[in-house]
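This report describes the architecture of a single protein chain. Please examine the sequence and the model below before reading on.

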Amino acid sequence: MVAAYILVKLAPKADIAKVSHALKEPGVKGVDMTIGPWDAFVRCEAKDVAALGRLAQQVRGCPGVTDTLTCPII
């Protein structure tokens, strides 16, 4: 099992409720909206690194998401 945080930046006028709902992909364990350089921290779990990469691509493709940074937990 691989766990990670995916840090997310949102478009300036993104609907936070819609984005938060869209981020509820299988494998997403929690979404915390924040104030700062990143707008959300998404806690994820996947069976392996390849599955984590696919999950990160799904998060990156959510409407309103402009940038992501995947940080595996060691």
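How many helices and how many strands does the chain have?

## Overall fold

The model is predicted. The chain has two helices and four strands, and along the sequence these elements follow the pattern β-α-β-β-α-β.

The radius of gyration of the chain is 11 Å, which agrees with the value near 11 Å for a compact globule of 74 residues. Taken along the principal axes, the box filled by the C-alpha atoms is roughly 35 × 20 × 15 Å. Of the 74 residues in the chain, 34% are buried.

## The sheet

The four strands are arranged as an open sheet in the order E2-E3-E1-E4, with antiparallel pairing.

Strand E1, residues 2–10, is paired with E4 in the antiparallel sense over seven bridges; Ile6 has Thr70 in E4 as its bridge partner. E1 also pairs with E3 in the antiparallel sense, over seven bridges, and here Leu7 stands opposite Phe41 of E3.

## The hairpin and the faces of E3

E2 and E3 pair in the antiparallel sense over five bridges, among them the one that joins Met33 to Ala40 in E3. The two strands form a hairpin with six residues between them, and Gly36 in the turn has a positive phi of about 145°.

In a regular strand, side chains alternate between the two faces of the sheet. Strand E3, residues 40–46, has a covered face made up of Ala40, Val42, Cys44 and Ala46. Its uncovered face carries Phe41, Arg43 and Glu45.

## A nonpolar surface patch

Which residues form a nonpolar patch on the surface? The patch consists of Tyr5, Phe41 and Ile73, which together have about 250 Å² of accessible area. Phe41 belongs to the uncovered face of E3, whereas Ile73 lies in the segment after strand E4 (65–72).

Thr70 is located in strand E4. Because its relative accessibility is 28%, Thr70 counts as partly exposed. Thr70 and Ala4 are 66 residues apart in sequence, and their C-alpha atoms are 6.7 Å apart in space.

Where does Glu25 lie? Glu25 is found in the loop between helix H1 (16–22) and E2. With a relative accessible area of 22%, Glu25 is partly exposed. The C-alpha atoms of Glu25 and Leu55 are separated by 7.8 Å, although the two residues are 30 residues apart along the chain.

Definitions and conventions:
Residues are numbered from 1 along each chain as its sequence is written. This is a predicted model: local features need pLDDT of at least 70, side-chain atom pairs count only at pLDDT 80 or more; totals for chains, interfaces and linings use all residues. Side-chain values use heavy atoms; hydrogens and water are left out. Patches are made of residues with over 30% relative accessible area and no salt bridge: like charges are joined within 9 Å, nonpolar side chains (Val, Leu, Ile, Met, Phe, Trp, Tyr) within 5 Å. Accessible areas come from the Shrake-Rupley method with a 1.4 Å probe; for residues, only the protein chains shown count as cover. A salt bridge is a side-chain nitrogen of Lys or Arg within 4 Å of a carboxyl oxygen of Asp or Glu. Two strands pair if DSSP finds at least two bridges between them. The radius of gyration is taken over C-alpha atoms; the globule rule is 2.2 Å times the number of residues to the power 0.38. Buried means under 20% relative accessible area, exposed over 50%, partly exposed in between (1.4 Å probe, protein chains only).
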